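Dear colleague,

Please read the notes with the coordinates open beside them.

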Amino acid sequence: MIDPKPTASHFIDGAYAEDDNGAPIPVIYAATGEEIARIHAATPALVDRAIAAAKRALPAWAAMTGTERGRILRRAADIMRERNRELSELETFDTGKPLQETLVADATSGADALEYFGGIAATLTGEHIQLADGDFVYTRREALGVCVGIGAWNYPTQIACWKAAPALACGNAMVFKPSETTPLCALKVAEILKEAGLPDGVFNVVNGAGDVGGALVADDRVAKVSITGSVPTGKKVYQAAAAGMKHVTMELGGKSPMIVFEDADVENAISGAILGNFYSSGQICSNGTRVFVHRDIKDAFLTRLAERMGTAVMGDPMDEATNFGPMVSDGQMTIAQNYIAKGLEEGARLVAGGRRVERDGWYLEPTVFADVTDDMTIAREEIFGPVMCVLDFTDEAEVMTRANATEYGLAAGVFTRDLARAHRVAAAFEAGTCYINTYNDAPVEAPFGGVKSSGVGRENSKEAINHYSEMKSVYVRMGDVEAPF
Ligand code: NDP
């Protein structure tokens, strides 16, 4: 087993950096409640050093060919895969998520992003636009400059890579701030990028709480901010970025619907509902937490769901047999517990779970409520914990209106065997990421992101390139210039 203690609290200009004057941040292992490391928040001097290093590194990095930049990113992807076990153990220490998950979903997903964007770096070009009389315009795809990445705590390795890979492929430099709850993994990403040949200063990590994020966003030297976090934080960051007219990508929260029609393959729909509510102990932004089940199959669905929930293996996340781990923190567990109490108070029917597990760490049982109505708090607000709400419906038009009646629009899913209905429903969903007969896939090849309050911009795929670069138009006149006088 790896030692989770980091070499130092930050990674700046190609090396670990420390300043003991920063506020101490204990790193707590969610499975035991024990402190496994202690770091210090970045002081203003360190934040300044990180941005200055990125700014300094930028011109040479942006001037390299896409092929050269891509080679470094792809080398980093290979190193991440070689070290997958070590990185997965670290991810488990950082978040509490079971090793069974982290071995296949975190460093591997980060490596996919580095490989994908490393692969397309050499293909990024502008275009040639022909005008009259031989005149023409060509466009140059240029880097934005210093980008700031700010992460949530649920996927610390993946979020760092999903932001760094497209940013760096386009020739930007980045300063990344992880969530203070999970400060360990992004440091390893920086270390691996350095080992892969990334020039010093191109990717920096500064740890700390919201004030460190705020200082980064406010800095005049920063051209773009990409944040993964909650809607309230996203709104604050968007406002602060607007003050400096900075580019933004906002990957925020959700309360996504999953609709199970009467003709669905019920076993598959239950698998989708389990994946979309209990993977990572329910701490996933795109989770389908409002499961609308057609009245004709509701009883069969709930009976079989309860049976399958009984087979969840809760326990030591480092044991690969464990498939349901603790929540990330005491605080997040309390938030989920309060929502469970609210659900009971407002009349939802508890079908499974609902209690804290009697053992060390922040374990909450996977919980299912049935007979949930649209007006209940648990059906309206993002819980970000292992709590599934099952709601009934009978009619397609009715369920579509209800599914879309939310300020969120991150994801949405439909289970049906009716092909035309599946596509009609997907088209009608007010959501950025939709699923037909599956849930929560997030391959790097496809755009990921939300509409309405759930976000602005897209991560992954070729779309992300548009959010980390801008086009310069160069007009060329072949003949004389006509002027009115
Ligand atoms: P928060 O919104 O609390 O925090 C997100 C990040 O922003 C943290 O690093 C936080 O620092 C930082 N931050 C807080 N205040 C500011 C500020 N004023 N300026 C700059 N940065 C700030 O989210 P959580 O970490 O609690 O993550 C859970 C949320 O993230 C959920 O709503 C979830 O839906 C969403 N999420 C969205 C995803 C998506 O892709 N759409 C994916 C994963 C999660 P710190 O916490 O250290 O104080």
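Which residues of α7 are buried? They are Cys-185, Ala-186, Leu-187, Val-189, Ala-190, Ile-192 and Leu-193, where buried means under 20% relative accessible area, exposed means over 50%, and partly exposed lies in between (1.4 Å probe, protein chains only).

Before going further, please note that this is a predicted model, in which local features need pLDDT of at least 70 and side-chain atom pairs count only at pLDDT 80 or more, while totals for chains, interfaces and linings use all residues. Residues are numbered from 1 along each chain as its sequence is written, and side-chain values use heavy atoms, with hydrogens and water left out.

Helix α7 covers residues 185–195 and packs with helix α6, residues 156–169, at an angle of about 40°, their axes being 8 Å apart; helices (H or I, at least four residues) and strands (E, at least two) are DSSP runs numbered from the N terminus. The axes are lines fitted to C-alpha atoms, for helices over the stretch in contact, and the angles run from 0 to 180 degrees between N-to-C directions. That angle makes α6 oblique to α7, since angles under 35 degrees count as roughly parallel, over 145 as roughly antiparallel, 65 to 115 as roughly perpendicular and the rest as oblique. The crossing of the two, α6 and α7, is right-handed, a term that applies if the near helix is turned clockwise from the far one by less than a right angle, with anticlockwise being left-handed.

On the α6 side, Pro-156, Thr-157, Ala-160, Cys-161 and Leu-168 meet Cys-185, Ala-186, Val-189 and Leu-193 of α7, contact meaning heavy atoms within 4.5 Å. Sorted by class, the contact of α6 with α7 has eight nonpolar residues, one polar and no charged (Ala, Val, Leu, Ile, Met, Phe, Trp, Tyr, Cys and Pro count as nonpolar, Asp, Glu, Lys and Arg as charged, and the others, Gly among them, as polar). Just after α7, Gly-197 takes a positive phi of about 110°.

By class, the contact of α10 with α11 has nine nonpolar, one polar and three charged residues.

Salt bridges

The structure holds 31 salt bridges, each being a side-chain nitrogen of Lys or Arg within 4 Å of a carboxyl oxygen of Asp or Glu. One of them joins Glu-267 and Arg-308, whose closest N and O atoms are 3.1 Å apart; Glu-267 lies in α10 and Arg-308 in α11 (residues 298–309), so the pair ties together parts that are 41 residues apart in sequence. Glu-267 is partly exposed at 32% relative accessibility, and Arg-308 is partly exposed at 22%.

Arg-421 and Glu-262 also meet in a salt bridge (4.0 Å, N to O), which links distant parts of the chain, Arg-421 being in helix α15 and Glu-262 in the loop between β12 and α10, 159 residues apart. Arg-421 counts as buried at 10% relative accessibility, whereas Glu-262 is partly exposed at 34%.
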